[in-house]
Amino acid sequence: MQRFVTDSVEETIELGKRLASRLTGGTVVAFFGGLGMGKTAFTRGMAKALNTVEEVSSPTFAIVNAYGGNPPLYHFDMYRVESWDDLYSSGFFDYYESGGILAVEWSENIENALPENTVRVIFERGENENQRIITVDGGVNI
């Protein structure tokens, strides 16, 4: 388990880049943390490291955004997922089997469905409004 402190959105994006540069296709990155904690900013960094061309935005209403890249990045928002039926209809398992990297916001809602080798990224507020304490667990050194 690794613990990082970021003091700006830009630093959170850089940390996302560092993580993504060490991932391979078929990896699930599960984000835990409240609203406004930096999950989408972290995903922006991941997208930059994977050379995507699409602009990263929160997939709140779409449930999943596909960004391309090498390997492809799929960005999920599980906030509204309340059942196994909801999860299946999101395409989560199909995307997982496609060999891309899945960045999953609101993973608290699908904890029981996460693969055993999931990389967990926990976001907490730091000492001020912009500071984040980000814990990464899952066997990846960044």
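Guide: This is a predicted model. We can begin with N51.

Visitor: Why is N51 called exposed?

Guide: The relative accessible area of N51 is 62%. Exposed means over 50%, so N51, at 62%, is exposed. N51 sits in the loop between helix 2 (39-49) and strand 3. Its phi is positive, about 60°, although N51 is not a glycine.

Visitor: Is W106 buried or exposed, and what makes it so?

Guide: W106 has 16% relative accessibility. The limit for buried is under 20%, therefore W106 counts as buried. W106 is in the loop between strand 5 and strand 6. W106 is not a glycine either, and its phi is a positive value near 60°.

Visitor: Which residues of strand 2 point which way?

Guide: V28, A30 and F32 point one way, while V29 and F31 point the other way. In a regular strand the side chains alternate between the two faces of the sheet.

Visitor: What makes strand 2 and strand 5 a pair?

Guide: A pair needs at least two bridges. Strand 2 and strand 5 (residues 101-105) are joined by 3 bridges, so they pair, and they run parallel. V29 has A103 as its bridge partner in strand 5.

Visitor: How many bridges join strand 2 to strand 6?

Guide: There are 4 bridges between strand 2 and strand 6 (residues 119-125), so these parallel strands also meet the requirement of at least two. F32 has I122 as its bridge partner in strand 6.

Key. Residues are numbered from 1 along each chain as its sequence is written. This is a predicted model: local features need pLDDT of at least 70, side-chain atom pairs count only at pLDDT 80 or more; totals for chains, interfaces and linings use all residues. Side-chain values use heavy atoms; hydrogens and water are left out. Buried means under 20% relative accessible area, exposed over 50%, partly exposed in between (1.4 Å probe, protein chains only).
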